[in-house]
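Subject: Structure for your review

Dear colleague,

Please find below the structure that I am handing over to you.

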Amino acid sequence: VNAVLATARRGTGGALDTWIQSDDFAKNFVSGTREPGPTLVQRTDGQALIYRGRVNVISGRRGSGKTWLALLMCALVLQDGLRILYYDMEDREDAWHGRFEDIGVDIDSYALAGQAVWIKPEDLPVADIQRLVDYTAQFDMVVFDVVNRLITRLGGTPDNGNNEMLWLYDNLFDPLAGRDVAVLLLDHPNKAGQRREAKSVDDLSPGGGAMKMNNASGLVIGLNVVDQFTRDKMGGRVDLICLKDRSGHFEEGTAIGHFTGT
């Protein structure tokens, strides 16, 4: 094996380095640690939902509460003394501030302490994507709200954005996850799932290209609205359905939580 490795490296000038085993693979492998599973965003029973070092997704139609759920998740991460970065492609800074106030979170204190940052980005810095990853990797959880806007900024269409999603995973999402960041993507479901009467679990899957689901490495949550709630009618309920869990902690197709307003 060592002779083959040496020959391969001499013949390619190191181009195979990421495709063949390293010299210290066995030593590092047997001394490694077990993956901790989901560690962020605990339910009321103490079970965590969100994975660090993986790409997690919330999929829900308009008005289903995906932004509210993402903000609640941010609040729980902040309460643990960690840092969050929120890339908001759809709303305004004052709206983000007001939503936190509505759920009883003193977001000002977290912002002043450098724990909470809100950014409304313009075009994707394709040429400087590595610098963007370097900056973003200092946070514990990073939210992208919403994915469709990122696809269009790469010149693609949300209905069929496989190439753009592959680029985003290869150059942004996966590199961040590789730095032990909990990446959280907010997305819209397929066309059937956009209808209010949609009940099938399959209808909750992210719309557009298959790469959205195929490349998600953490937990994918579909939002099934049981009782619609709004800012002025906060007594609603949304079921959190596990659409995918790469690590196998949650059963796909089942409710793994309930998001309720008070």
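The notes below set out what was found, from the overall chain to individual residues.

The model is a predicted one, and the local features described here rest on residues with pLDDT of at least 70.

Overall form

The protein chain contains nine helices and ten strands. Its radius of gyration is 20 Å, close to the 18 Å that the globule rule gives for 262 residues, so the chain is as compact as a globular protein of that length. Along the principal axes, the C-alpha atoms fill a box of roughly 70 × 40 × 40 Å. Of the 262 residues, 47% are buried. The accessible surface of the chain amounts to about 13300 Å², and carbon and sulfur atoms account for 49% of that area. When contacts between residues at least 6 apart in sequence are considered, 65% of them join residues at least 24 apart.

Strand E8 and its partners

Strand E8 covers residues 219-227, and seven of its nine residues are buried, so the strand is largely enclosed by the rest of the structure. With strand E9 (residues 237-245), E8 runs antiparallel, and eight bridges join the two. Gly 222 stands opposite Ile 241 of E9.

Leu 223 is a residue of strand E8. Its relative accessibility is 3%, under the 20% limit, so Leu 223 counts as buried. Beyond its neighbours within four places in sequence, Leu 223 is in contact with several residues, among them Ile 58, Ser 59, Gly 60, Lys 66, Leu 204, Val 238 and Leu 240. Leu 69 is also one of these contacts; the C-alpha atoms of Leu 223 and Leu 69 are 9.6 Å apart in space, while the two residues are 154 apart in sequence.

In strand E3 lies Asn 56, a buried residue with a relative accessible area of 0%. Residues up to four places away in sequence set aside, Asn 56 touches Ile 50, Tyr 51, Val 183, Leu 184, Leu 185, Gly 218 and Leu 219.

Nonpolar cores

The largest nonpolar core has 43 residues, of which Met 73, Tyr 86, Trp 96 and Met 141 touch the most other members. Helix H3 (residues 66-79) gives the most to this core, contributing nine residues. A second, separate core is made of 33 residues, including Val 55, Phe 139, Leu 172 and Met 211.

Salt bridges

Side chains of opposite charge can pair when their charged atoms come close. Ten salt bridges are present in the structure, and the following may be of interest to you.

Asp 187 and Lys 212 meet through their side chains in a salt bridge of 3.0 Å, N to O. Asp 187 belongs to strand E7 (residues 182-187) and Lys 212 to helix H9 (residues 211-214), so the pair ties together parts that are 25 residues apart in sequence. Asp 187 is buried, with 2% relative accessibility, and Lys 212 is likewise buried, at 4%.

A salt bridge also joins the side chains of Arg 43 and Asp 45, at 2.9 Å from N to O. Arg 43 is partly exposed, its relative accessible area being 27%, whereas Asp 45 is exposed at 52% relative accessibility.

Arg 237 and Asp 239 form a further salt bridge, with the closest N and O atoms 3.0 Å apart. Here Arg 237 is partly exposed at 33% relative accessibility, and Asp 239 is buried at 11%.

Finally, Arg 52, Asp 140 and Asp 180 are linked in a network of salt bridges.

With kind regards

Methods
Residues numbered from 1 in each chain as written. Predicted model: local features only at pLDDT ≥ 70, side-chain atom pairs only at ≥ 80, totals over all residues. Heavy atoms only, no water. Buried < 20%, exposed > 50% of the residue type's maximum accessible area, 1.4 Å probe, protein only. Helix = DSSP H or I, 4+ residues; strand = E, 2+ residues; numbered from the N terminus. Pairing = 2+ DSSP bridges. Contact = heavy atoms within 4.5 Å. Core = buried A, V, L, I, M, F, W, Y, C linked by side-chain atoms within 4.5 Å. Rg over C-alpha atoms; globule rule 2.2 N^0.38 Å. Areas by Shrake-Rupley, 256 points an atom, 1.4 Å probe, with all protein chains shown as cover. Salt bridge = Lys/Arg side-chain N within 4 Å of Asp/Glu carboxyl O.
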